[in-house]
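Hello,

Here is the structure I promised to pass on. Have a look first, and my notes on helix packing and aromatic rings follow below.

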Amino acid sequence: MTDSAISFSDSVRGEIRQDVLLVTIDNPPVNALSRDVRAGLMAALDHAAVSESLRGIVLTGAGKTFIGGADIKEFGQPPVAPLLPAVIERIESFEKPVVAAIQGAALGGGLEVALACHHRIASPAAQLGLPEVKLGLVPGAGGTQRLPRLIGIPAAIDLIGTGRSVKAAEALSLGILDAVTDGHPLEAAIIAAQEVASRPLRRTGEQILPTADPAAIETARSKVLARARGQRAPAEAVRLVEMAGQPLAEGLADERATFLRLRDSAEAAALRHVFFAERQASKVEGLNGIEPRPVATIGIAGLGLMGSGIAVAALAAGYSVIGLDRDETAAAQGRDRILALLDRALATGRMDQDARDKQAERLAVSARDEDLGPCDLVIEAVFDDVEVKVDLFRRLDRVLRADAVLATNTSYLNPDEIAARTQYPERVLGLHFFSPAHVMRLLEVVRCARTAPDVLATGLAVAKRLRKLAIVTGVTEGFIGNRIFSAYRREAEYLLEDGALPQEIDAALEDYGFPMGLFAVYDMAGLEIAWARRKRQAATRDPSERYVEIADRLCEAGRLGQKAGRGWYAYADGRREVDPQVTAIIESCRAAKGLTPRHFSAAEIIQRLLAAMADEGRLLIEEGIAARESDIDLVMINGYGFPAHKGGPMFAAAQTPR
């Protein structure tokens, strides 16, 4: 044989090095397991099987990824042979050693391919995981049966039941990998293939399941099921992992049947919708070919809880941060608050000491406007009052370069009004973070009336570097999220007047998949801020619009939420309990309006709340505030606790008959 390249398919090629067949998957951008890749792998195995001089195979991926998983273009399409389970079975049963050289992500089917190999070597940057539960599925090509045989049932329940991925070091310690090598693992894999060829092959499916403490299994199981909140896939994943002690063929058959059943479920359809919605969200009209302005230094004006969270997110993304507050004392307190968040990340193992120190070095604080002069972008997080924000932006007009971007973090104010009163309104946009800003993934990027295209592109580029899910919104009170939430809240209050009780509404929401019911959330956040806002709006409220006074009566009675010991619920000893006094207030308000209450089933409660959210969402589309219904779904899932496995309010309402 010569050392010339061999083509096994359009996306799989081979090369012989030192009597080892190097098989490279080259299917950009993530080397997904398309039909062409699967066929190419089978052809490579056929070639190696009949070549007597070949001692083994090294399987790797082109670029920065090993195999990123299934080909999303095949989602919902009829399966085409060769199917992945057949490819994986062929790899595991192959008579010559197959070594995986993992230089990047090995996710889903990519990790299942690696598990079937007889030896696995990775670079330190490699990332491994079986994230199928995040799409409402379980691994369908042996992951639930082979992974436990390597790492034991408790660890496999954790990885498969949560869908989390691990870096190479953790994968090595768990036993997924055989070695981690500096740089690209290709050369080490070739040597390993030669060495492994001289001894019996270690086939993962034939390994004896490691013994495990039943208490550890129960702990892992309980943790996964507690997070599932009504999702089927995590529970099925746990069940399948616990079957790994049975013969491999039985486990594989059950796994495949479960995978196919879940693939056709409403839960999987909803999560596929969310998956594609996130990819669609990045496509913004009018930005083709528009380059963002360069951003290296971000200013944060206002270093309270929100501003500090934004600063931490910016530092983690590698930006230099200059914080501004009203005086030296406030600025110093802001610095301490930011450093405390960094120290918390250090203490919990989410950051090492070197990263913490480097981030702290990129932080400066000041009480002088002119110290923000070097900033490429300034995000204000000051008190939500239009005059306060306008005054700040006018001051910044005097100290910033004309091409620096100004962003307002307002939740309800009109950013067009703020921008119009500045020197350069075209450089102003909204960046509406959700609290805590260093944790919450959602970021509403507000396109103001005069926002320049490259300024909008800059906001999106910064959001991406911050690892936020950016959703572009037009200008309206509350933008997308808070406007939908207002409609949702309003309908819940109508339900109270019409006959439902807070605990009934909350129970219906939690059973549907929300992490917490609406009225429990109110109590946790506190009722006084919304009450103050309602009082400010009272003079301009349309008298013909239905208004529910129940929340006002609670606040007047001093029931301001959990911190006051009572709100929509009572909190004896910190535990949430139904309070008859709340029921009495609700009944009194109904009687004052002459309303006769009726019973609502949980399904009726959910149907009314979904309809209210979807109706408001359709208005946002009609008004041009939201670009697409899927953007609305993403906002509500990532900012307001809507269960992802229901697909978001727009998707869910479309599946629910009215």
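Before the helices, a word on handedness: a crossing is called right-handed if the near helix is turned clockwise from the far one by less than a right angle, and left-handed if anticlockwise. Please keep in mind that this is a predicted model.

**Helix pairs**

With that term in hand, H4 crosses H5 in the right-handed sense. Helix H4 covers residues 143–151 and helix H5 residues 153–162, and their axes lie 7 Å apart at an angle of about 135 degrees. Angles over 145 degrees would count as roughly antiparallel, so H4 and H5 are oblique to each other. On the H4 side the contact is made by Gly 143, Thr 144, Leu 147, Pro 148 and Ile 151, which meet Ile 153, Ala 155, Ala 156, Leu 159 and Ile 160 of H5. Sorted by class, that contact of H4 with H5 holds eight nonpolar and two polar residues, with no charged ones.

Next come helix H18 (residues 479–498) and helix H19 (residues 502–512), whose axes come within 9 Å and cross at roughly 130 degrees. That angle makes H18 oblique to H19, and the crossing is right-handed. Here Tyr 488, Ala 492, Leu 495 and Leu 496 from H18 meet Pro 502, Ile 505 and Leu 509 from H19. The contact of H18 with H19 has seven nonpolar residues, no polar and no charged ones.

The pair H2 (residues 84–93) and H3 (residues 109–116) crosses at roughly 25 degrees, with axes that come within 8 Å. H2 and H3 are therefore roughly parallel to each other, and their crossing is right-handed. In H2, the residues Leu 84, Ile 88, Ile 91 and Glu 92 meet Gly 109, Glu 112, Val 113 and Ala 116 in H3. The contact of H2 with H3 comes to five nonpolar, one polar and two charged residues.

**Aromatic rings**

How many aromatic pairs does the structure hold? There are 10 aromatic pairs. One aromatic cluster is formed by Phe 434, Phe 485, Tyr 488, Tyr 512, Phe 514, Tyr 640 and Phe 642. Tyr 488 belongs to this cluster and also to the H18 side of the contact with H19.

Tyr 512, another member of the cluster, has Lys 646 over its face, at 4.8 Å from the ring centre. Elsewhere, the charged end of Lys 535 sits over the ring of Trp 531, 3.7 Å from its centre.

Technical notes
Residues numbered from 1 in each chain as written. Predicted model: local features only at pLDDT ≥ 70, side-chain atom pairs only at ≥ 80, totals over all residues. Heavy atoms only, no water. Phe/Tyr/Trp six-rings, centres within 6.5 Å; stacked < 30°, edge-to-face > 60°. Lys NZ or Arg CZ within 6 Å of the ring centre and 35° of its normal. Axes fitted to C-alpha atoms, helices over the stretch in contact; angles between N-to-C directions. Helix = DSSP H or I, 4+ residues; strand = E, 2+ residues; numbered from the N terminus. Parallel < 35°, antiparallel > 145°, perpendicular 65-115°, else oblique. Contact = heavy atoms within 4.5 Å. Nonpolar A, V, L, I, M, F, W, Y, C, P; charged D, E, K, R; others polar.
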